[in-house]
Amino acid sequence: MKAILKEGILGSVPHDSWANSYDQLFEASFGSHLANLTDLTMEIVLELSEPSESILDIGAGTGRMSLPLIESNFYVSSLDPSAGMLSQLATKLPNHPNLELIHCPVAELEMHERHHGALCIFTVSSYWLDESTLSNSLRSIYNALLPNGWLIIDRTLTTSFSDTVFQNERIQRQAMIEDLGGDLYRFTEQSTISSSNDIKQINDSFLIRYWEEDLFLDHVKVTGFSVEQDLSQVFASSGASFYLLRKN
Ligand SMILES: C[S@@+](CC[C@H](N)C(=O)[O-])C[C@H]1O[C@@H](n2cnc3c(N)ncnc32)[C@H](O)[C@@H]1O
């Protein structure tokens, strides 16, 4: 009989309890789409910054962007409030001299003018649930950037607040989104991954938020960023609006 391993029974930090299954689930659900998004982002980063410069990867997760950035010789600070996600990233690049791990929500980052650029992409801003967290997060990023530093940030579109259901021989993924009203949604992951001798059950549930564009960009501008380019067309199939911001 297969052993059943329970993972993530409503842990308090999103993703923490199933971080070691995140890559497998996301690769299965999004596949080459995610790889294309990574390549496209790297192309833009390489136009904005020289390798050997320093980049802050906000909500770095398991390192989808941090890894290729380091492969391209950038110095990378990977920030995430999930210790589980950061630990997955760390196992991919043990003791790498170009990698710094920062374990906190970005709103709590206290860093002064250290980075040439920053990435805050793939739904990270949807984890900020109220205007004060949006404002404090943008402020922390602004402070961490060198004068004239750049930020690529995305804003998840309403159409992306929808269920993801996927099944193959080994993976059964159900990521459900419930509309709670007031631009808030409950994300609930209830998935299983089977192997020859066990079945992992993954359960997590947390709130996320849709940010209306005018409100989002008002905060961006009040923080002191200017919108250098709306990259939404470039990332048209991503389910998010993308913006290139510049520290004034
Ligand atoms: C869907 S993952 C995206 C990971 C990565 N940016 C990527 O592109 O693959 C969202 C990440 O945002 C992180 N996150 C959630 N709240 C955050 C916050 N307040 N500050 C920074 N990161 C946060 C989560 O822990 C998670 O790792």
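The points that follow take up the model and its domains, then sheet, helix packing and hairpins.

1. Basis of the note. The structure is a predicted model, in which local features need pLDDT of at least 70 and side-chain atom pairs count only at pLDDT 80 or more, while totals for chains, interfaces and linings use all residues. Residue numbers start from 1 along each chain as its sequence is written.

2. Domains. The chain is assigned domain 1 (3-9 + 162-207) and domain 2 (31-158 + 212-247); such bounds come from an automatic or database domain assignment. A distance of 25 Å separates the C-alpha centres of domain 1 and domain 2.

3. The seven-stranded sheet. Seven strands form an open sheet with mixed pairing, in the order E4-E3-E2-E5-E6-E12-E11. Strands (E, at least two residues) and helices (H or I, at least four) are DSSP runs numbered from the N terminus, and two strands pair if DSSP finds at least two bridges between them. Strand E4 (99-102) and strand E11 (225-230) are the edges, each pairing on one side only. From one strand to the next, the twist averages 20 degrees.

4. Strand E11 runs antiparallel to strand E12 (residues 240-247), and five bridges join the two. Asp-230 has Tyr-243 of E12 as its bridge partner. Helix H6 lies across strand E6 (145-156), E11 and E12, at about 130 degrees to E11. Here axes are lines fitted to C-alpha atoms, for helices over the stretch in contact, and angles run from 0 to 180 degrees between N-to-C directions.

5. Helices H5 and H6. The axes of helix H5 (residues 131-144) and helix H6 (residues 213-223) come within 9 Å and cross at roughly 40 degrees. H5 is therefore oblique to H6, given that angles under 35 degrees count as roughly parallel, over 145 as roughly antiparallel, 65 to 115 as roughly perpendicular and the rest as oblique. The H5 and H6 crossing is right-handed, that is, the near helix is turned clockwise from the far one by less than a right angle. On the H5 side the contact involves Glu-131, Leu-134, Ser-135, Leu-138, Arg-139 and Tyr-142, and on the H6 side His-219, Val-220 and Thr-223; residues are in contact if their C-beta atoms, placed from the backbone, lie within 7 Å. Four of the contact residues of H5 with H6 are nonpolar, three polar and two charged. In this classification Ala, Val, Leu, Ile, Met, Phe, Trp, Tyr, Cys and Pro count as nonpolar, Asp, Glu, Lys and Arg as charged, and the others, Gly among them, as polar.

6. Helices H1 and H4. Helix H1 (residues 19-30) packs on helix H4 (residues 83-92) at an angle of about 70 degrees, with the axes 8 Å apart. The two helices H1 and H4 are therefore roughly perpendicular to each other. Ala-19, Asn-20 and Tyr-22 of H1 meet Gly-84, Met-85, Ser-87 and Gln-88 of H4. The H1 and H4 contact comprises three nonpolar, four polar and no charged residues.

7. Hairpins. Strand E7 (residues 164-167) and strand E8 (residues 171-181) are antiparallel and joined by four bridges, forming a hairpin with three residues between them. Gln-167 stands opposite Gln-172 in E8. E8 is also joined to strand E9 (residues 184-194), again antiparallel, by eight bridges, and Gly-181 has Leu-184 in E9 as its bridge partner. The hairpin of E8 and E9 has two residues between the strands, and Gly-182 there takes a positive phi near 60 degrees.

Technical notes. Two residues are in contact if their C-beta atoms, placed from the backbone, lie within 7 Å.
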